[in-house]
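User: I have a model open here and would like to talk through how its parts are put together. Could you take my questions one by one?

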Amino acid sequence: MADLTAASGTPVQDIRDSYLAMVQRRRLYNGVLLAVFVVLMVSGFYVADARNAGGFWDGWHQILDFPAGVVSEAWEKRANLPALLVHYLPSLLETFNIAAVSTLIGCIAGLFLSLAATRGLAKWPLLIPVFRRLSDVLRAIPEIVIALVLIFMMGGGPVPAMIAIAIHTAGAMGKLYSEVNENVDLKPLEGLSSVGANWSQRMLLAVIPQVAPNYLSYALLRLEINIRASAILGFVGAGGIGYELRNSMSWGQGKFDEAAAIFILLFATIVLVDQVSSHFRNRLIGTGGH
Amino acid sequence: MLRIETLTKRFGANVAVDKASIEVPEPRMIGIIGRSGAGKSTLLRMINRLTDPTEGRIVFEGREVSSLTGAAKRAWQSECAMIFQQFNLVPRLDVVSNVLHGTLNRRSTLATLFSLYPTSDIHRAIDILDRLGIAEHAPKRAEALSGGQQQRVAIARALMQDPKIILADEPIASLDPMNAQVVMQDLRRIHEEDGRMVIANLHTLDTARRYCDRVIGMRDGRIVFDGTPEQLTTGAARDIYGAGAEFSEAATSTEIDTLERSMDGAGVVRLANV
């Protein structure tokens, strides 16, 4: 075995010294980076705290006042809760519908954006930067801005919220899906090219089966995020449970039992989506087989 | 020294290892042979406690290691090094860091986070690499090395643990014949010079014959042969591999000259074993 490695002939002492020097350099860099990080965090915190209206140190112990108020008031009026849960179910369904439709539309748009923006898969490789910037733009505009503009033009209701969320979803999924696409095994693709399949056939048969489990779990995570986003858009007049939440959440109206009912509904919805999504994802991986 | 008593592992309805009993009174180089799926890997993984046994006991120097949990289990794992078929190194870290991972059982998470290994350990890691003839690769990333070199880094990591037992799960199965020979010679040398026990899963008969003091044959989870290489006749090998009269020794050989002549035959046997 000596004959296999005799070519180098470097004495061990040299290797030791150079490696230790490298370790020392690395430790120095890491130490400097850590110090800079700590200084930035601490100084940044003090700057932010100084600019606060109230000040963090005076206010932090009041953080729990609002949840405590909601819980205690809801507990006093716990008899109302079942009726309130039923009462708000239709507006929850409206919120969920906004989220579901916008997730579906956004994910389909994101699928095409991602395929067009992935090196090695794109039909028009020259346009890859264009599609990348397009999904950047869709992601960059806050959905609440799009929703406000659309509500101003089209009036309040679920459709502007749906469009606003779908636009943001398309941008986000275009990005996430194209990262999934980059890890795709290209061998099946080459195999299908060799039999003369066209671009759509190659994508459909060689790429989609590989990425489907990841696509699905990202889509279901996005559905959760969109339920929350659609509830927030209710605050600005897009309807659904967010509108009800804004009305019941204000101080001093004695409506905290309603707010608690809405929180319970939102929580239950997220749990349900999470359970359903892990069920379907497991089934897809189980039958798809790796 | 090492005693395995009626060790059994079931995966659902399948029995991977079926009442295996092995007694090793002193450090030896032991080869376990058998076709794929015979339970060799599961047996080794149970000794290292990567897999929990369903039934049975593993006793090392009077201590039952099969029932350890938590920190005691991790301490046992640090005494009982494992070498894998696919090397299982961290590809993006440099070679010396990979070797230093052998000391992780003694290091705190915080020291690991900032890679604060003592200089003496770094020196020892480089000495071990030098012993295995790959010291000049010390600062390179593990992924930049060839398969044979990576397997020697894995052996160096195992030596860094200063283990009493080295378990090797198909250490040469993904190496070319040249590198396979180097790796097997390294393992033999470690056994002879350091007096460490080496237990290696091997898929070729002649490797087991040439390097091991004792050969254990497994078939369908059971131990069907346990003896010296001399006792391992062609007939005994046929029983272990469950092959008929057409079975030829060359089919499970890594000898460079026989391999070149019987390349097609080896391919057929591998396929049949999958």
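User: In chain B, what share of the contacts with a separation of 6 or more comes from residues 24 or more positions apart?
Analyst: In chain B, 67% of the contacts with a separation of 6 or more are between residues 24 or more positions apart, a contact being two residues whose C-beta atoms, placed from the backbone, lie within 7 Å. This is a predicted model, in which local features need pLDDT of at least 70 and side-chain atom pairs count only at pLDDT 80 or more, while totals for chains, interfaces and linings use all residues. Residues are numbered from 1 along each chain as its sequence is written, and chains are lettered from A and ligands numbered from 1 in the order in which they are written.

User: And how many helices and strands does chain B have?
Analyst: Chain B has 11 helices and 10 strands, which are DSSP runs numbered from the N terminus (H or I, at least four residues, for helices; E, at least two, for strands). Of the 274 residues in chain B, 42% are buried, where buried stands for 20 or more other C-beta atoms within 10 Å of the residue's own, exposed for 12 or fewer and partly exposed for anything in between, with C-beta atoms placed from the backbone.

User: Moving to chain A, how far does helix α2 reach?
Analyst: Helix α2 of chain A, residues 12–51, reaches 58 Å from its first C-alpha to its last over 40 residues, close to the 58 Å expected at 1.5 Å a residue; the expected span is 1.5 Å times one less than the number of residues.

User: Which residues of α2(A) are buried, and what covers them?
Analyst: α2(A) is hardly covered, with three buried residues among its 40, namely I15(A), R16(A) and Y19(A). Their cover includes α3 (95–100) and α5 (119–131) of chain B.

User: How many residues of chain A are in contact with chain B?
Analyst: In chain A, 14 residues are in contact with 16 residues of chain B. On the side of chain A that touches chain B, the largest share, eight residues, comes from α2(A). By class, that side has nine nonpolar, four polar and one charged residues, where Ala, Val, Leu, Ile, Met, Phe, Trp, Tyr, Cys and Pro count as nonpolar, Asp, Glu, Lys and Arg as charged, and the others, Gly among them, as polar.

User: What about S102(A), is it buried or exposed?
Analyst: S102(A) is found in helix α5 of chain A, residues 81–116, and counts as buried because 27 C-beta neighbours lie inside 10 Å. Not counting residues up to four places away in sequence, S102(A) touches M162(A), I165(A), A166(A), T169(A) and N226(A).
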